[in-house]
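Reader: I am new to this structure and would like to know what stands behind the words used for it. Please set each word against its definition.

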Amino acid sequence: MIIDIHGHYTTAPKALEVWRNRQIAGISNPAEMPRVSELQISDEDLRESIENNQLRLMRERGLDLTIFSPRASFMAHHIGDFEISSTWAALCNELCYRVSQLFPDRFIPAAMLPQSPGVDVRTCIPELVKCVEQYGNVAINLNPDPSGGHWTSPPLSDKYWYPIYEKMVEYDIPAMIHVSTSCNACFHTTGTHYLNADTTAFVQCLTSNLFDDFPTLRFVIPHGGGAVPYHWGRFRGLAQELKKPLLKDHLLNNVFFDTCVYHQPGIDLLTGVIPVDNILFASEMIGAVRGIDPETGHNFDDTKRYIEAAAIDPEARQKIFEGNARRVYPRLNAVLKAKGV
Ligand SMILES: [Zn+2]
């Protein structure tokens, strides 16, 4: 089967965005703050938003299952305080859970956390627990920069983050390291902030000994790992300068990359540089880049084509499409096994 480990609910019914805008307005004018119960989205609305979009493309492209999380750019952890983030995360996670219930063979949820800049990450634990235990989430998205482009949080190697890691290890779930909207005009959200964060997260792991403290902790670095595969030699050299072990021992038991790279040469580089066991298929479809590539006539985010055309053997391709996802997301594997898949 083909598992897309990186999908977001970018096509949620408009009512969600309307509610969010009212919530944001309510920060400065409490009289405008909407109640949670005012967000009304029916199963029919959810079904329509999925069937005409993600599910249609999954069928067209031959993808079987998507790990599905709230829209990343909408997480916007920098807006408001913890209470604002908490209410918002709960609503978004509930919608992804409902989608997974409506299409149980097609979508399995991953959670956003109610992070807020400067707030103790322990405040995120109740939402994480609910999402895993009640909603069947198989992963979380962890934002290394809840300030939205100003990088006010400590690096991922700092003990600040450890309460989240302890919970991840307990549940045996990975985190996709995923920032949200940039509110720093220097950084375009999907053009630079995302890729900067991917690279930054990797280097924070490289320069630290985080995985000595958490040998089973797993991070998925999205968007093909940002600049990491392209500069693999630089990072190997840096590790050597810093007297760290070889990257394969230092990081590659814990760090994985997805295939959200939107052209063939990029995937060829990724699969040529990074060991196949560390590459997981993903498209992030209907996301940052929705157009058709005039050079190929296919959607940029139709990433399955690039894996199929890459110079790798069938066993490697199977690992990228399915095997690695089952290994890195054990709770996903357990769900599939329970279904006899
Ligand atoms: Zn994403």
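Predicted model: local features only at pLDDT ≥ 70, side-chain atom pairs only at ≥ 80, totals over all residues.

Reader: Which domain does the record place on the chain?

Author: UniProt, in an unreviewed entry, places "domain: Amidohydrolase-related" at residues 3-330. UniProt positions are in the numbering used here, feature names are shortened, and annotations may be inferred rather than shown by experiment. Over residues 3-330 the chain is 44% helix and 10% strand, with the end C-alpha atoms 13 Å apart.

Reader: Why is Glu 284 called buried and Lys 243 called exposed?

Author: A residue is buried if 20 or more other C-beta atoms lie within 10 Å of its own, exposed if 12 or fewer, and partly exposed in between, with C-beta atoms placed from the backbone. Glu 284 has 25 C-beta neighbours inside 10 Å, so it counts as buried. Lys 243 has 6 other C-beta atoms within 10 Å and is therefore exposed. Lys 243 lies in the loop between α10 and α11, and Glu 284 in the loop between β9 and α13. Phi is positive in both non-glycine residues: near 60° for Lys 243 and about 50° for Glu 284. Over the chain, 45% of the 341 residues count as buried.

Reader: Why is strand β1 said to be largely enclosed?

Author: In β1 (residues 3-9), 7 of the 7 residues are buried, so the strand is largely enclosed by the rest of the structure.

Reader: How do you know that β1 pairs with β2?

Author: Two strands pair if DSSP finds at least two bridges between them. Here 5 bridges join β1 to β2 (residues 65-70), and the two run parallel. Asp 4 stands opposite Thr 66 in β2.

Reader: What makes β4 and β9 edge strands?

Author: The open sheet has 6 strands in the order β4-β5-β6-β7-β8-β9, with parallel pairing. Its edge strands, β4 and β9, each pair on one side only. Inside the sheet, β6 and β7 are joined by 2 bridges, and β7 and β8 by 3. Phe 219 of β7 is the bridge partner of Ala 175, and Val 255 in β8 is the bridge partner of Phe 219.

Reader: How do you know that the buried residues of α6 are on the same side?

Author: The buried residues of α6 (residues 125-133) are Glu 127, Leu 128, Cys 131 and Val 132. They cover an arc of only 125° around the axis, which puts them on the same side of α6. That arc is of the directions from the helix axis to the C-beta atoms. The face turned away from the buried side carries the exposed residues Pro 126 and Glu 133. The buried residues pack against α5, β4, β5 and α7; a contact here means C-beta atoms, placed from the backbone, within 7 Å.

Reader: What makes a set of residues a nonpolar core, and which residues have the most contacts inside the largest one?

Author: Such a core is a set of buried Ala, Val, Leu, Ile, Met, Phe, Trp, Tyr and Cys residues joined through C-beta atoms within 7 Å. The largest has 88 residues, and those with the most contacts inside it are Ile 67, Val 99, Ala 139, Ile 140, Cys 205, Ile 221 and Leu 280. Helix α5 gives the most to this core, with 8 residues.

Key
Residues numbered from 1 in each chain as written. Helix = DSSP H or I, 4+ residues; strand = E, 2+ residues; numbered from the N terminus. Contact = placed C-beta atoms within 7 Å.
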